[in-house]
Each structure stands twice: as C-alpha cells, then as structure tokens.
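Let's take a walk through this protein together. Have a look at the picture first, and then we'll go through a few spots in it.

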Amino acid sequence: MTLKPWHDVALRQWLQDCNYPSDKESRDKVTAVTGNWPGLIYSFYRNSKSDVHNWELHLEGLKESFNNWQEARDFINLQLGIDSYEQKKVLRDLAQLCQMSPDDIVSIDDLIDCINHINASVINKILQWADLLNLAIPVRKKKDPKEYWRIEPVVGRILEAMED
C-alpha cells in the first residue's frame, strides 16, 4: 500500500487486471478524477466493479461525491492524513490562490501574506510535509529566485469542497 498516487504504469496494470479499459484516454479520465490516489481508485472500484461496462458513469459519480463536504472531509482526514487546522488552512488557501493564478502556481511570499495568522515557519513546514506526500508540489521558475508552489489538482478540488 502506498500513500502517494500511483504511477500511470501501475494504473494501467490495475485497470487491465480488473477488466477495465486501460488505453491512454481511459487512464487519463481515471487520473483526472482520482489523481491516481489509491483511496479514490479503490472507491471507484467498489462502486463500479459490478457494472464495469458503465465505468465512466461511476467515475462521474465519484467526481460528484467530492461536492459532499462530509465525504470530502473523510477523504482529506482519513486517506490523506490532513487533520490539523493549520494543514487544512495552508493547503486550502494554496488551492484557492492557485485557482486564481494564470499558471496555477503561487509564490510562498503570497501564501504567507494571505495566511497572516499562521507563522511563516509553520507554513513552510506544512509545505515540506505536503511535498513529501505529493499533496503540494514546489515549482521553480527559471531566473526567478522566488519559491513557488502548486496544489495537486484533485486534492485542491476536494479541499475546496470542505466546510470550515
């Protein structure tokens, strides 16, 4: 069992083993909804295994379930281990700022300015932790000394569905 998202090769093999279409287009659809997070892939499987021919409908149902704040909260808390207020606040604000950014990235300075009630060193520690789990990804721009971050897209969508 891995805590990180599956690689595309692992997803392809798993889809084949479970008798789902495993071509590139099908894998891209699964990845767009699940981010290849094991917990979401297994949820997709549980909901669709008795109706493999309609797998796309079940995938869409999983995507729609992200709009339910309780399901979003359970996934974030139980599957990803984001359980402290500070972790949720930093990653939710990162997700919101990334959504407003034309290139889906945010400078660490802008994030710290946005979250003025959490110490900058705590924000940095949370981002380092999030990087280890692939929840957030550091981004380097050529010839720009600033540090930038982006949220993993599926994690960002689910965080946005959560209530405070």
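Two residues are in contact here when heavy atoms of theirs are within 4.5 Å. Keep in mind that what you see is a predicted model.

With that in hand, take Leu 94: leaving aside neighbours within four places in sequence, it is in contact with Val 106, Leu 111, Leu 127, Ala 136, Trp 149, Arg 150 and Ile 151. Leu 94 is also among the residues with the most contacts inside the largest nonpolar core, along with Trp 14, Leu 91, Leu 111 and Leu 135. That core has 47 residues, and its largest share, six residues, comes from helix H6 (residues 85–100).

Now hop over to helix H2, residues 24–34. Its buried residues are Ser 26, Arg 27, Val 30, Val 33 and Thr 34. Looking down the axis of H2, they fall within an arc of 130 degrees, so they line one face of the helix. What covers them includes helices H1 (8–17), H3 (38–48), H4 (55–65) and H9 (153–161).

Is Arg 27 buried or exposed? Its relative accessibility is 9%, under the 20% cut-off, so it counts as buried. Not counting residues up to four places away in sequence, Arg 27 touches Asp 8, Leu 11, Arg 12, Leu 15 and Ser 22.

| From | To | Distance |
|---|---|---|
| Side-chain oxygen of Asp 23 | Backbone nitrogen of Glu 25 | within 3.2 Å |
| Backbone oxygen of Ser 22 | Side-chain polar atom of Arg 27 | 2.6 Å |

The Asp 23 contact sits at the start of H2. After H2 comes Gly 35, with a positive phi near 65 degrees.

Terms used
Residues are numbered from 1 along each chain as its sequence is written. This is a predicted model: local features need pLDDT of at least 70, side-chain atom pairs count only at pLDDT 80 or more; totals for chains, interfaces and linings use all residues. Side-chain values use heavy atoms; hydrogens and water are left out. Buried means under 20% relative accessible area, exposed over 50%, partly exposed in between (1.4 Å probe, protein chains only). Helices (H or I, at least four residues) and strands (E, at least two) are DSSP runs, numbered from the N terminus. The arc is that of the directions from the helix axis to the C-beta atoms. A polar contact is a pair of N or O atoms within 3.5 Å; within protein, one must be able to donate a hydrogen and the other to accept it, and residues adjacent in sequence count only if both atoms are side-chain atoms. A nonpolar core is a set of buried Ala, Val, Leu, Ile, Met, Phe, Trp, Tyr and Cys residues joined through side-chain atoms within 4.5 Å.
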